[in-house]
Amino acid sequence: MKITPERLSEILFYDSATGYVSRISNGRRLIPDENNCVIVSDTVAGVSAKIKYDKLAYMLAYRKVIKDNQRVLHKNLDQE
């Protein structure tokens, strides 16, 4: 069982302006590892997933699932 984007939005807070992601339950920020991955756990459903941070941000912003063979390309609009 995978964590759906709808469920992610219930357990995580996402600020699209800053890219800040934290758990709603305790306010802890999710910080990606050296591979740009975070582990998200849904204790109610008993499911956890290792997700690329950029895919997680996309899923939280658009509430759409990204297939495993797809990538999210982004540009930092604050830099030239």
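**Exercise 1.** Identify which of the 14 residues in the largest nonpolar core touch the most other members.

*Solution.* A nonpolar core is taken here as a set of buried Ala, Val, Leu, Ile, Met, Phe, Trp, Tyr and Cys residues joined through side-chain atoms within 4.5 Å, where buried means under 20% relative accessible area, exposed over 50% and partly exposed in between, with a 1.4 Å probe and protein chains only. By that criterion, the residues touching the most other members are Leu8, Leu12, Val21, Leu30, Val40 and Leu56.

The model is predicted, so local features need pLDDT of at least 70 and side-chain atom pairs count only at pLDDT 80 or more, while totals for chains, interfaces and linings use all residues. Residues are numbered from 1 along each chain as its sequence is written, and side-chain values use heavy atoms, with hydrogens and water left out.

**Exercise 2.** List the residues in contact with Val21, leaving aside its neighbours within four places in sequence.

*Solution.* With contact meaning heavy atoms within 4.5 Å, the partners of Val21 are Leu12, Phe13, Tyr14, Arg28, Arg29, Leu30, Tyr53, Leu56 and Leu60.

**Exercise 3.** Locate Asn36 and state its phi.

*Solution.* Asn36 lies in the loop between β2 (20-23) and β3. Although Asn36 is not a glycine, its phi is positive, about 65 degrees. At 30% relative accessibility, Asn36 is partly exposed.

Key. Helices (H or I, at least four residues) and strands (E, at least two) are DSSP runs, numbered from the N terminus.
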